[in-house]
Every structure is written in C-alpha cells, then in structure tokens.
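Dear colleague,

I am passing on the structure below, followed by notes on what was found in it. Please read the notes with the coordinates open beside you.

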Amino acid sequence: MSVVIVVGAQWGDEGKGKVVDLFTERADVVVRYGGGANAGHTLVIDGQKLVTHLVPSGVCHPGKSCVLGDGMVIDPHTLLEELAQCQARGLLAQGELLIGLGAHVILPYHKLVDGLREDHGAKRGQAIGTTRRGIGPAYADKASRIGIRVQDVLDPKILRQKIEVALAEKNLWLERIYETDGFDLETVWSQYAGLAERLAPYVGDASLLVDEALRAGKDVLFEGAQATLLDLDHGTYPFVTSSNPIASGAATGMGIGPTRIDRVLGVSKAYVTRVGEGPFPSEIRGADQDRLRELGGEYGTVTGRERRCGWLDLVALRYAVRVNGMTSLALTKLDVLSDFEELPVCVRYRLRDGSETEHFPAHQSDFHHAEPVWETLAGWHEPLDNASTLDELPEAAHRYVEFVSKALDVPIELVGVGAARERVLV
Ligand code: IMP
C-alpha cells in the first residue's frame, strides 16, 4: 500500500500529466482532490488526442478507479461530455469512475459572475486572469454555505430549494451590481435535475472508497491540479485559484488523514511559466521570453492564452518544497533549454531594503518588489534525444540538474527530456 501525491511546484502547467501517467501504471486508484475544469491535460491514446479537464489522467489505463474527491467543484455538463468521449474510446467503464457525493457543482451563475468580475476588474487593471470556469464563485458559495453539491442534484426537491436560495442572492447581484439579467429558477433547475439519472451511477462515498482501497493494500495516486503558487492560502494571493492544490489539500479534499500519505512528488519545469496576472520575479525580459515560449509550446490548454515565461526560480521552488513537504522532485522539459548559450537561475531575491533572501517573502509587497539575483549556468547545444539515463546527459545539462537538487536539498527523481511519453529519465 502506498499513497503518492503528485503536486505542481510552480504556477501550474509543469507537465504533471506525464509524471502522473508514469505513476498511474503502478496505482490502483487515481484521485483528483481539488479544483475543477480550470485544469486541462491532453492525453494521447492510440495516436488520438483526448483533452480532459476533470477526469484524472488515470483514465488512459483501463482497470483503474478514477475518483473525483469532495474537495472539487464539478461542472456536470463538462464531466458528462468527457465521460462520453472516454467511453467512445472504450475507457471509463461503469465502476471505474466515482464522483464524491460532497463535491460542489458549478452552476451557470458561477461562470457568469467569474467572467463579469474579470471584465470589470480588467477595466480597473485588477483582473486575476481566471479561466472563467466559475471556480472562484463556486468555492465562495461553498464557504458561504449556499453551494449546491453533487448529492443535491440527485434529489430534485432539495435541488430546487437550494437553487432558489442561491438565486435569491445571485439575481440581486447580477441585476444591481453587474446590471445584467438574472437566472430563471425553473430553467436552471430543470437543466440540472435532468442530469441526475446520468450522474447517479457514478456518484458515491469517495472517502470510503479510498480508505477501503488503502486497507486492502492498494496503491493510491493523488493527482494534483493547479499548483503550489496558485494555492488559496499559500500561493501568491490574490492571483491564485480558490482551492488548496498543495499536498495537504489532498487529505482535506479526499477525506483521508494526513498520516496516510507516504510520498509527495513535486513537479517543476526546468524553467517557469505563469498564465494570468501577478508578480513573477524571474520573468524573462526580452527576446528569450518568446523564444522559450515557442520552444516549449507554452500556450494554455484551457484558454489557449500565451504563458509568461521565466528562468528557473529556486526561491519559489524552495518554498514549494517546504509547504508541500516534498520528498522528491520531477524536473520536466529540460530539453526545451537546449540551445541557450547561458542559463540564468534565480537563486535569491533582492528586497527593497537591499537585503537578499533565499526564502520566499511572506509579505506581498516584498514579493511584488523582489528582484531576482541570478547565478548563470552554462548551456548545452546538443539535443537530449540520445540520453537514456541521467549520466548520458550532456555534462552541462547534468550539472544543471545537480545544481537544482543541491540548492533545494531534495532528490530529483525524474527528468523530462522530450515530448514523447517515454522521454523521462528515472
Ligand atoms: P481560476 O482557477 O480559474 O479561478 O483562475 C485563477 C488563477 O489560476 C488564474 O491565474 C489561472 O490562470 C490560474 N490557473 C487555474 N488553473 C490553472 C491550471 O490548471 N494551470 C495553470 N494555471 C491555472
């Protein structure tokens, strides 16, 4: 029995899908514990692309149980669409997907408010740059205790009552604050009540399923979505998502105790990307930003937006090691750095008072004004295609990996050296 959490160590899009895919081969149960359709991974199955936002990547391996934990906010329409796509490819037979009864549901007003808030924020230069999938408003309703849960969808009477309570507030907001039309109770209710029959076979007690799997000696893999610096409590607030993607969020989101967790594998790119707004000390200024974006194909899976690109930030990564209790690290996309003459790495931040620190600033203003202190490592010019072990990497690439491991005092367990599934050095 083992419990492994794979968690994003930066601002998301670190290539977790590929790492999860490797670990899934050994897992019996693959779990998502937070977030919703703001995540996205592209899976290639028998040469055909499958993009999923909710279903864990474990779906590619028939016979595994995929679980969506109570900590998630689920758009049932998106989920049913993904389910249909998977089943058309012979994946996710009934019994291989379980949706937690306690997971919250995204309703149309969550998405509308998310979008309107972003539009209004943009006019004042205060947008977060969300995915507009309704994530923040759905978690806000959860905390305000007016959210709708998956179990409510199964009971038309309760569902109607709860939507009525929520709409009484939402419609006032929409009309008075955003000067737009509210929602009609009957329409929303019938749209969601109509899903009950299709969802019912997949809904159940997610915490119990995972507990029983562990008691039976099975291996459980927690697939983190989003990432450390997007964590609501420990990320770069307010430019964060509204859930807890960090490793401890797995225990809360799934309803298992932290004592059950054996390993936390962080995933970081060999550089950094960020979508959306917010400070980014190691962001590259100048032409290398575009060059890195092109080389790394750094465009969002969910929104298609250009990702901002930066050199590796060891201050932020050290913080990720700390808040996740990371036991090892996977460094992805090292091959993208091939062909740069020199590779700057941010080793410390210079603060406004001129002092330097290797610890991530707890105060937002310190972080906003932090300037990177660089150490420049040598680049390499040969592609990494021929390396099948770490020792076969070009010397400079090997040194880069060692430098990171030593600076963070964490073992590097995997190194991604190419787009193909098998291009991961262990
Ligand atoms: P939200 O999660 O849609 O509310 O977006 C909040 C912030 O998190 C925005 O900056 C998004 O770009 C970012 N974000 C949310 N999910 C992901 C993800 O899966 N990868 C990268 N960034 C994400």
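Which residues in α12 meet which residues in α14? L314, L317, R318 and V321 in α12 meet F403, V404, A407 and L408 in α14, where contact means heavy atoms within 4.5 Å.

Before the rest, some conventions. This is a predicted model, in which local features need pLDDT of at least 70 and side-chain atom pairs count only at pLDDT 80 or more, while totals for chains, interfaces and linings use all residues. Residues are numbered from 1 along each chain as its sequence is written, and side-chain values use heavy atoms, with hydrogens and water left out. Helices (H or I, at least four residues) and strands (E, at least two) are DSSP runs, numbered from the N terminus.

Helix packing

Helix α12 (residues 314-324) packs with α14 at an angle of about 55°, and their axes are 10 Å apart; axes are lines fitted to C-alpha atoms, for helices over the stretch in contact, and angles run from 0 to 180 degrees between N-to-C directions. That angle makes α12 oblique to α14 (under 35 degrees counts as roughly parallel, over 145 as roughly antiparallel, 65 to 115 as roughly perpendicular and the rest as oblique). The crossing of α12 past α14 is right-handed, that is, the near helix is turned clockwise from the far one by less than a right angle.

Helix α12 also holds N324, which counts as buried because its relative accessibility is 5% (buried means under 20% relative accessible area, exposed over 50%, partly exposed in between, with a 1.4 Å probe and protein chains only). Leaving aside neighbours within four places in sequence, N324 is in contact with V7, T228, I246, A247 and V264. A247 is also one of the buried residues of α10, together with G249, A250, A251, G253 and M254, so that helix α10 (residues 247-254) is mostly covered, with six of its eight residues buried. After α10 comes G255, whose phi is positive, near 80°.

Aromatic rings and charges

The structure holds 10 aromatic pairs (rings of Phe, Tyr and Trp, the last by its six-membered ring, pair if their centres lie within 6.5 Å; planes under 30 degrees apart count as stacked, over 60 as edge-to-face and the rest as tilted). Y349 and F367 form a tilted pair, at 6.2 Å centre to centre and 45° between the planes, and this pair links distant parts of the chain, with Y349 in strand β15 (residues 342-350) and F367 in helix α13 (residues 364-369), 18 residues apart. Both Y349 and F367 are buried. W380 and Y400 form an edge-to-face pair, at 6.0 Å centre to centre and 65° between the planes; W380 lies in the loop between β17 (371-378) and α14 (395-408) and Y400 in helix α14, so the pair ties together parts that are 20 residues apart in sequence. W380 and Y400 are buried as well. Ring pairs also link Y319, Y349, F360 and F367 into a cluster.

The charged end of R160 sits over the ring of W189, 5.7 Å from its centre (the criterion is NZ of Lys or CZ of Arg within 6 Å of the ring centre and within 35 degrees of the ring normal). R291 lies over the face of F340, at 4.3 Å from the ring centre.

Backbone

Y237 and P238 are joined by a cis peptide bond, with omega about 5°, and P238 lies in the loop between β10 (219-223) and α10.

With best regards
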